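Here are my notes for you, written as numbered points. Keep the model open beside you and look up each residue as you meet it.

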Amino acid sequence: MPVLLFLIDTSASMNQRTHLGTTYLDIAKGAVETFMKLRGRDPASRGDRYMLVNFEDAPFGIKAGWKESHATFMTELRNLQANGLTTFGQSLRTSFDLLNLNRLVTGIDNYGQINLKNI
């Protein structure tokens, strides 16, 4: 079951507009939506879980966890607004901590562990 985490910059600088008039945040949201639509067409994506994290401090930056529904993810994505500061380092750390937690919960990392049933 793959977990895909999207870390979206929601700092105030994402309110900048392109020459087309759309904000950088709108472009980021559109890219995630497009990815989700294209990925959803692949039969291998049935077990995919998605997470959405923005640049707010934890735990407020966690908008949708891996147990949330697709509808919740999309709602939270559409509701993102650009304000605040850029806290890239802390947001990236939070993202990796969440992914590591998922790996721990699912037992995906079992190297170095002895399975006593096989002895």
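Predicted model: local features only at pLDDT ≥ 70, side-chain atom pairs only at ≥ 80, totals over all residues.

1. Residues are numbered from 1 along each chain as its sequence is written, and side-chain values use heavy atoms, with hydrogens and water left out.

2. Now the overall plan. The protein chain contains three helices and three strands. Reading from the N terminus, its elements follow the pattern β-α-β-β-α-α.

3. Next comes the sheet. Two strands pair if DSSP finds at least two bridges between them. Here three strands form an open sheet in the order β1-β2-β3, with mixed pairing. The edge strands, each pairing on one side only, are β1 (3-8) and β3 (62-64). Neighbouring strands are turned by 25° against each other on average, direction ignored; for such angles, axes are lines fitted to C-alpha atoms, for helices over the stretch in contact, and angles run from 0 to 180 degrees between N-to-C directions.

4. Have a closer look at one pair of strands. β1 and β2 are parallel and share six bridges. Within this pairing, L5 has M51 of β2 as its bridge partner, and L4 stands opposite Y50 in β2. As background, strands of a sheet pair through backbone hydrogen bonds, either parallel or antiparallel.

5. Which helices lie across β1, β2 and β3? One is α2, running at about 20° to β2. Another is α3 (residues 88-106), which runs at about 165° to β1. Contact, a word you will need again below, means heavy atoms within 4.5 Å. Of the contacts in the protein chain with a separation of 6 or more, 67% are between residues 24 or more positions apart.

6. How much of the chain is buried? The share is 27% of the 119 residues, where buried means under 20% relative accessible area, exposed over 50%, and partly exposed in between (1.4 Å probe, protein chains only). Strand β2 is largely enclosed by the rest of the structure, because five of its six residues are buried.

7. Leaving aside neighbours within four places in sequence, G65 is in contact with Y50 and M51.

8. K67 and R49 are 18 residues apart in sequence and 7.2 Å apart in space, C-alpha to C-alpha. For G65 and N102, the values are 37 residues in sequence and 9.8 Å in space, again C-alpha to C-alpha.

9. Finally, find the largest pocket, which holds about 200 Å³ of space. On a 1 Å grid over the protein atoms alone, a pocket is an open set of points where a 1.4 Å probe fits, with protein on both sides within 12 Å along at least five of seven lines; lining residues have an atom within 4 Å of a point. Grid points are joined across faces, edges and corners, and a volume is the space filled by probe spheres set on the points. The lining includes M36, G40, S45, R49, Y50 and H70. Elements giving two or more residues to this lining are α1 (24-40), β2 (49-54) and α2 (70-78).

10. S45 sits in the loop between α1 and β2 and is buried, with a relative accessible area of 11%. Apart from neighbours within four places in sequence, S45 is in contact with R39 and G40.

Methods. Helix = DSSP H or I, 4+ residues; strand = E, 2+ residues; numbered from the N terminus.
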